[in-house]
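Please go through this structure one site at a time, with the sequence beside it.

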Amino acid sequence: MEGLCWTLLLMALQMDGVLSNSNLIILQAVQDAREGETVRLGCRNNQQQDDRLLTWGYVPAGNSTIKWIMSLSPGSNNFTRLAAFEPRFSGANDSEFSLTVEQVKRGDSMRFYCQSADVVVNAKDWCGCAVTLNVKPAISPRPPSVLLLQPSPEEISLQDDCKLVCVVSDFYPDTVSVSWYIGSTQLSSGISNSGILMESEDSYTIISELTVPTLQWLRGLQYTCLVSHKTLSSPIRKVINKDGKLN
């Protein structure tokens, strides 16, 4: 019953009414996201929150007034969300006071405000407790380009071991698998990977090296670099031996 009273009190306020408190700390002032992702906006109160009214608000595009999104009544674990907001918006009050937005849209790019108070007051000050959400267009997945390089003549003539290099580039998203084979046997040693390198926000590269004995390379065995990525219906296979690329 007490929670219902708080909810009715909130709904009776003017939509530009606010809560005033100076104890909130925004955890991240600006957050970037891509369309379709889920984001969690958080703030923390340096006072005990069990007996406080917690609220999230936002400023619509082309407006300067903070509007209510949802609130949590003192002593309650259930947020009351205004009917105009989709279920994509949800709140939590655990280690921090948070607002989660699922499947973000370009229209969700705005400033969100969190607030807590002992009492509701008709004031204009949200104490600067805002986080700016920037939603960028979704990036279309892109398959990788794969280049397999044989050892240099200098390596072959001067060193006991030589390196084959598989360059996997210009792919998105950043999850990719690179494996090596000699003939039909998958290798687990002699492999060194650069890790995923971000060339731009929508392009990634990984460089994988295979070290083999020079005498083994000169025998003419076939080496394969096999690359798997979510955009590929089947892996990209690049094969090479001492006489050059076989595909």
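Leaving out residues up to four places away in sequence, His229 touches Arg142, Pro143, Pro144, Phe171, Tyr172, Pro173, Thr175 and Val176. The histidine is found in strand 18, which covers residues 223–229. The model is a predicted one. Is His229 buried or exposed? Its relative accessibility is 7%, so it counts as buried, the cut-off for that class being under 20%.

One of the residues that His229 touches, Pro173, deserves a separate look. The backbone oxygen of Pro173 lies 2.9 Å from a polar atom of the His229 side chain. Pro173 is found in the loop between strand 12 (161–171) and strand 13 (176–182). The peptide bond that leads from Tyr172 into Pro173 is cis, with omega near 0°. In general, most peptide bonds are trans, and most residues other than glycine have a negative phi.

Phi of Asp170 is near 55°, a positive value in a residue that is not glycine. Asp170 has a relative accessible area of 35% and is therefore partly exposed.

A positive phi also turns up at Gln103, where the value is near 45° and the residue is again not a glycine. Gln103 is found in the loop between strand 8 and strand 9. With 49% relative accessibility, Gln103 counts as partly exposed, because the exposed class begins over 50%.

Val104 has its place in this loop too, between strand 8 (97–101) and strand 9 (110–117). Is Val104 buried or exposed? The relative accessible area of Val104 is 2%, so this valine is buried. Which residues provide its contacts, leaving aside neighbours within four places in sequence? They are Ala33, Arg34, Glu35, Gly36, Glu37, Val39, Arg88 and Val135. For Glu35, the separation from Val104 is 69 residues in sequence, yet the C-alpha atoms are 5.3 Å apart in space.

Lys105 is likewise in the loop between strand 8 and strand 9, and it brings the account to charged pairs. Side chains of opposite charge can pair when their charged atoms come close. The side chains of Lys105 and Glu86 meet in a salt bridge, with 3.5 Å from N to O. This pair links distant parts of the chain, as Glu86 is in the loop between strand 6 (79–81) and strand 7 (89–93), Lys105 is in the loop between strand 8 and strand 9, and the two are 19 residues apart. Both partners are partly exposed: Glu86 has a relative accessible area of 34%, and Lys105 has one of 39%. The pair belongs to a network of salt bridges that links Glu86, Arg88, Lys105 and Asp108. Arg88, a member of that network, is also one of the residues in contact with Val104.

Another salt bridge joins the side chains of Lys136 and Glu201, at 3.6 Å from N to O. Here too the pair links distant parts of the chain: Lys136 is in strand 10 (residues 130–136), while Glu201 is in the loop between strand 16 (197–200) and strand 17 (203–213), 65 residues apart. Lys136 is partly exposed, with a relative accessible area of 31%, and Glu201 is partly exposed as well, at 42%.

The side chains of Lys242 and Asp243 also meet in a salt bridge, at 3.4 Å from N to O. In this pair, Lys242 has 36% relative accessibility and counts as partly exposed, whereas Asp243, at 65%, counts as exposed. How many salt bridges does a search of the whole structure find? It finds 8.

The remaining values describe the protein chain as a whole. The chain contains 3 helices and 20 strands. Of its 247 residues, 40% count as buried. Among contacts between residues at least 6 apart in sequence, 62% join residues at least 24 apart. The chain exposes about 13,100 Å², and carbon and sulfur atoms supply 49% of that area.

Conventions: Residues numbered from 1 in each chain as written. Predicted model: local features only at pLDDT ≥ 70, side-chain atom pairs only at ≥ 80, totals over all residues. Heavy atoms only, no water. Helix = DSSP H or I, 4+ residues; strand = E, 2+ residues; numbered from the N terminus. Buried < 20%, exposed > 50% of the residue type's maximum accessible area, 1.4 Å probe, protein only. Contact = heavy atoms within 4.5 Å. Polar contact = N/O pair within 3.5 Å; in protein donor to acceptor, adjacent residues only side chain to side chain. Areas by Shrake-Rupley, 256 points an atom, 1.4 Å probe, with all protein chains shown as cover. Salt bridge = Lys/Arg side-chain N within 4 Å of Asp/Glu carboxyl O.
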